[in-house]
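Could you walk me through this protein model?

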Amino acid sequence: MSKTYYVVGGGISGLVAAYRLRQANPAAHITVFDPADRLGGVLRTERLAGQSMDVGAEAFVARRPEVTSLLQELGLRQIGTTGVRPLICSGGRLHPMPDGTMQGIPGPGANLRGLVDDATLAQIASEPTRPLHWQLDADPNVAQLVGDRFGTQVVTRSVDPLLAGVYAGSAKTIGIRSAIPALAAALDRGAPSLTAAVASVLSAAPQTSTPSPSVFGAVDGGYTVLVDELVRRTGAQWAQVGIEGLTPVGRAWQLRDDEGKYWSADAVVLALPAPRVAKLLADIAPSSAAMARLIPVASAAVVALALPGGTPLPQQSGVLMAAGEALHAKAITLTSRKWGRGGNVELLRLSFGRFGDDLARNVGDDRLLAWSLEDLRTLFGITAEPVDYLVQRWIDAMPQYGPGHLELVDELRAGLPAGLAVAGGYLDGIGVPACVASGTRAAHEVVGGSLPR
């Protein structure tokens with residue numbers, strides 16, 4: 001039977017939801033609502049000095065199956081990194097990313113020498129001998145747990161640089177169960193120390209026959225290839241408007257767009273950031289709206305640069321900044337080094353903005369460019385002028401997965417009426433694989449029955 005489905009939000013979560021809805025009902029009428037100039041949300045591929053470059057999300061964790069499976073399903077090609085590793089900038093110096101850590105948290109044999117002082121090294125070494133007081137199902141923020149066991153330098157110099165890159169937040173704003181659920185599970189199982197918990201998770205990581213498997217993957221040709229193929233396969237109408245109102249009418253739904261037009265559907269997927277979901281749910285699902293309002297968000301900006309070919313950049317994938325460094329960017333990705341491409345230019349991107357600041361909203365493009373060039377001079381002594389550049393901003397796009405986030409999301413979903421589902425990066429994990437999973441789940445919830453996962 002033909003049905004009408006609406007997907008509000010045209011990012012990767014919404015497009016996957018629309019694609020799965022199409023698979024479930026080939027005759028369905030599907031409309032994707034998004035007022036942006038193109039679909040894809042934070043998956044955005046631009047041309048820079050004639051080269052294709054992703055200026056939103058630029059990689060995905062290859063060991064999670066969702067994106068790899070989707071690319072195979074769609075007949076698209078996945079590429080891996082060159083295998084080079086990042087550096088950490090701490091104390092004004094560049095350090096190799098420590099081996100033997102998980103999200104910067106030390107396991108047995110981890111080498112943080114040079115990154116932290118001798119007193120902290122001694123604290124790391126003694127951690128397995130000190131009693132661990134862990135409560136089952138506890139969810140402290142990462143800074144509380146790691147700082148107590150290993151000291152504040154491990155938090156600020158080893159853990160924070162990674163979390164700032166992923167969440168635009170810090171160890172103080174992210175709960176351990178959201179940041180590293182496998183580590184929390186190991187502690188729940190009775191790991192005698194944090195070092196032992198890290199060791200158990202690292203040892204359980206899946207092994208592959210590939211000599212140097214790439215931790216990260218990307219789409220050959222950029223994420224635009226994935227977005228375009230999902231749009232083609234879905235065959236959905238794109239309504240280039242925002243949605244301002246959502247009302248149940250019997251067993252159906254009525255939407256009001258920002259031009260005053262009304263639309264009726266059998267079921268709706270809201271694939272929007274948490275603040276916008278909260279506004280739409282305020283009257284029809286107040287408990288869910290309250291949960292969505294409790295999810296803080298951060299904004300970020302990316303400055304993408306093309307430098308002259310041959311500009312002397314280090315043979316690393318990038319630089320992550322420790323907290324408190326006298327630099328403007330929180331991270332630099334050396335795109336040409338990481339992915340082995342760039343043609344006759346060197347491509348790189350600098351990321352700005354952390355939870356609690358308004359940098360991405362209020363600092364102009366010229367100033368962000370000047371900060372970028374200043375950071376490159378400070379870190380690498382580079383004075384070359386860019387061949388090309390662009391600035392991309394992501395406002396309220398980075399949810400903070402604080403302590404208790406999983407229970408909050410459960411309550412949010414539980415309060416939704418039938419025929420309405422949510423999808424997005426604020427629910428079950430940051431990153432493209434988690435968004436793909438949330439889109440599939442949302443389609444399953446509004447259709448019922450079996451859908452591809």
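The protein splits into domain 1 (4-79 + 219-296 + 401-447), domain 2 (98-204) and domain 3 (297-399), with bounds that come from an automatic or database domain assignment. Before going on, keep in mind that this is a predicted model, where local features need pLDDT of at least 70, side-chain atom pairs count only at pLDDT 80 or more, and totals for chains, interfaces and linings use all residues. Residues are numbered from 1 along each chain as its sequence is written, and side-chain values use heavy atoms, with hydrogens and water left out.

Let's look at domain 2 and domain 3. Their centres, taken over C-alpha atoms, are 28 Å apart. Where they touch, 11 residues from domain 2 meet 11 residues from domain 3, contact meaning heavy atoms within 4.5 Å. Together the two domains bury about 820 Å², and 66% of that is on carbon and sulfur atoms. (Buried area is the accessible area, with a 1.4 Å probe, that two parts lose on being put together, summed over both.) On the domain 2 side, P161, A164 and A168 lose the most area to domain 3, together 49% of what that side buries.

What classes of residue does domain 2 bring to domain 3? Its touching side has six nonpolar, three polar and two charged residues. Here Ala, Val, Leu, Ile, Met, Phe, Trp, Tyr, Cys and Pro count as nonpolar, Asp, Glu, Lys and Arg as charged, and the others, Gly among them, as polar.

The structure holds two cavities of 30 Å³ or more. A cavity is a set of points, on a 1 Å grid over the protein atoms alone, where a 1.4 Å probe fits but cannot get out, and lining residues have an atom within 4 Å of a point. Grid points are joined across faces, edges and corners, and a volume is the space filled by probe spheres set on the points.

The largest cavity has about 50 Å³ of space. Around it you'll find L373, L376, R377, I382, T383, A384 and E385, which makes four nonpolar, one polar and two charged residues.

The second largest cavity has about 40 Å³, and M53, D54, E58, T335, R341 and R349 line it. Four of these residues are charged, with one nonpolar and one polar. Domain 1 and domain 3 each supply at least three residues of this lining.

Key
On a 1 Å grid over the protein atoms alone, a cavity is a set of points where a 1.4 Å probe fits but cannot get out, and a pocket is an open set with protein on both sides within 12 Å along at least five of seven lines; lining residues have an atom within 4 Å of a point.
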